[in-house]
Amino acid sequence: MARKIGSRYTAHQILGRGSAGTVWLGEGPDGPVAVKLLREDLASDEELVGRFVQERTALLGLEHPNVVSVRDLVVDGNDLALVMDLVRGTDLRTRLDRDRRLAPEAAVAIVADVAEGLAAAHAAGVVHRDVKPENVLLDMQGPLGPGGSHRALLTDFGVAKLIDTPKRTRATKIIGTPDYLAPEIVEGLPPRASVDIYALATVLYELLAGFTPFGGGHPGAVLRRHVTESVAPLPGIPDELWQLIVQCLAKGPASRLRASELASRLREQLPSLAGMPPLDVDEPDTEAESEADGGGEPGADRTAPVSGGGRERRGSVPLVPGARPDSNRDTHTSMRVPAADELAGGAHGTARVPRAAGAPRPGSARNRTATRRRRVTLGAAAVALAAAVGIGAWAATSGDDAGAKDTDGTGNSAPAAP
Ligand SMILES: Nc1ncnc2c1ncn2[C@@H]1O[C@H](COP(=O)(O)OP(=O)(O)OP(=O)(O)O)[C@@H](O)[C@H]1O
């Protein structure tokens, strides 16, 4: 069923749904386009519409082969829409769901593309703030790149920022997707360009491993791991590539690479990765995360089931207990920033620990001593669980946050340079 969007566009068919709205295949004066029609509650928010119009220049000005360009913004009655270049292909999440892990050469080529898109955005003063596989589109009509990879384009620029109005989220709230959130965001600092680098390094790890380094379990526990845990090495990963991931996952934003540097360092490694098969990594030990998570604690609203082995949908667990996702791909959620004392002494030892294929599973006879040792650690993790549930409880009760501070006056960020 076709519908008119503004005077210039017609939407024909739904391409997909996200938390901010529905993406349609449309037609405009210059040919086919993708039209992202924002949710009605967003479209009827006057403040957001004002902001949407204000952001026109930044969104419309971003032109780069690795960025999905926004061609037009439409404000028409109840419709608020972004008109974008149509990418004929799929998103990286769908590809990852299908292949589970990518060969290092293809993973690195895709991430280098995204880093180049980010470099252009950061140079223009735009921080993405929601880098994740769902927001990377693969152009399947263009020529193939290294390792048979398709050109990758980053999409949804500025959307997180648009939704993050002072009224919706203040400096004391977090918006984003828990698995990819940089520690400084968890600590309540304004997001700068380096948060995109952290998120992109998380995506690279995920493409190689099949799971994110700090994901799994209750969102509160995920946030805490970003602040307190170190990333566990991936068996079989070339050292140079691992060093790059570790540097970009640094807790201190200043230690991370800039996007352009990351892109070129990744490209330099491509020749040595040619022909290398996907890493032979077994599923992480889910015992730690499920125990630390309380294994289905009543306070944790698991709207979507979390399947074993890190194959759950990113962000499918709402951060706010009782909140319902807008769609089965809901990812933009908000919660209160945990205080320093609530983060301190967190769930140490609950980060996912990848095992080389064939290594003994925890709990096996060979591994009993190690398991016993881990149980001691998990005693601490259970304490952390209480904090995690506490975090959910604040989120549930902090809807308006009357006393919240809006440190930069905008409720969001962000200068370009990290
Ligand atoms: N420019 C585009 N061209 C073609 N398809 C697109 C385009 N933008 C989005 N899509 C499709 O629409 C789907 C929904 O996109 P959308 O950006 O709304 O949600 P998302 O990024 O998956 O999730 P969220 O918005 O919750 O972060 C994508 O998965 C993709 O398949």
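**Stop 1: everything.** Keep in mind that this is a predicted model. Show the protein chain as a cartoon and you'll have 14 helices and 13 strands to look at. Of its 418 residues, 55% are buried. As for contacts between residues at least 6 apart in sequence, 71% join residues at least 24 apart.

**Stop 2: α5 and α8.** Select residues 104-123, which is helix α5, and then residues 193-209 for helix α8. The axes of α5 and α8 lie 10 Å apart, at an angle of about 165°. Angles over 145 degrees count as roughly antiparallel, so that's how α5 and α8 run relative to each other. Their crossing is right-handed. Now show side chains: on the α5 side you'll find, among others, Val 111, Leu 118 and His 122, and on the α8 side residues including Asp 196, Leu 200 and Leu 207. This contact has 13 nonpolar residues, one polar and one charged.

**Stop 3: α8 and α10.** Which α10 residues does α8 meet? Select Leu 241, Trp 242, Ile 245 and Cys 248; they meet α8 residues including Ile 197, Tyr 198 and Tyr 205. The contact has ten nonpolar residues, no polar ones and no charged ones.

Notes
Residues are numbered from 1 along each chain as its sequence is written. This is a predicted model: local features need pLDDT of at least 70, side-chain atom pairs count only at pLDDT 80 or more; totals for chains, interfaces and linings use all residues. Side-chain values use heavy atoms; hydrogens and water are left out. Axes are lines fitted to C-alpha atoms, for helices over the stretch in contact, and angles run from 0 to 180 degrees between N-to-C directions. Helices (H or I, at least four residues) and strands (E, at least two) are DSSP runs, numbered from the N terminus. Contact means heavy atoms within 4.5 Å. Ala, Val, Leu, Ile, Met, Phe, Trp, Tyr, Cys and Pro count as nonpolar, Asp, Glu, Lys and Arg as charged, and the others, Gly among them, as polar. Buried means under 20% relative accessible area, exposed over 50%, partly exposed in between (1.4 Å probe, protein chains only). Angles under 35 degrees count as roughly parallel, over 145 as roughly antiparallel, 65 to 115 as roughly perpendicular and the rest as oblique. A crossing is left-handed if the near helix is turned anticlockwise from the far one by less than a right angle, and right-handed if clockwise.
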